[in-house]
Amino acid sequence: MGMQDQFKDKAKQATEKAKQAAGKAKDEASQRASQGRGRADEETRRAQQEEQDRLDMDYDA
């Protein structure tokens, strides 16, 4: 195996490793975005519930 072949193999390995890292980063970003949306939905529901509770207390008085 010549030096040129060794460099080609190293370059191919580096390319594959970079592709895998990019895929992993994309998956992690997708997961974080999903978690962020979930928190926003929960906060919205909590705010709506608090508003409903205040409205109910006003009518009870």
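Colleague: Why does E42 count as partly exposed, rather than buried or exposed?

Modeller: In this predicted model, E42 has 43% relative accessibility. Buried means under 20% and exposed means over 50%, so E42, at 43%, is partly exposed.

Colleague: What makes the contact of E42 and R46 a salt bridge?

Modeller: The side chains of E42 and R46 meet at 3.2 Å, N to O. The cut-off is within 4 Å, so this pair qualifies. Side chains of opposite charge can pair when their charged atoms come close.

Colleague: How far along helix α1 are E42 and R46 from each other?

Modeller: E42 and R46 are four residues apart in helix α1, and therefore separated by about one helical turn. R46 has a relative accessible area of 44%, which lies between 20% and 50%, so R46 is partly exposed.

Colleague: How do you know that E50, E51 and R54 belong to one network?

Modeller: R54 forms a salt bridge with E51, with the closest N and O atoms 2.8 Å apart. The side chains of R54 and E50 also meet in a salt bridge, at 4.0 Å, N to O. R54 and E51 are three residues apart in helix α1, about one turn. Salt bridges that share partners join E50, E51 and R54.

Colleague: Why is E51 called partly exposed?

Modeller: E51 has 46% relative accessibility. Exposed would need over 50% and buried under 20%, so E51 is partly exposed.

Colleague: How many salt bridges does the structure hold?

Modeller: The structure holds four; among them are the E42 and R46 pair and the R54 and E51 pair.

Methods:
Residues numbered from 1 in each chain as written. Predicted model: local features only at pLDDT ≥ 70, side-chain atom pairs only at ≥ 80, totals over all residues. Heavy atoms only, no water. Helix = DSSP H or I, 4+ residues; strand = E, 2+ residues; numbered from the N terminus. Buried < 20%, exposed > 50% of the residue type's maximum accessible area, 1.4 Å probe, protein only.
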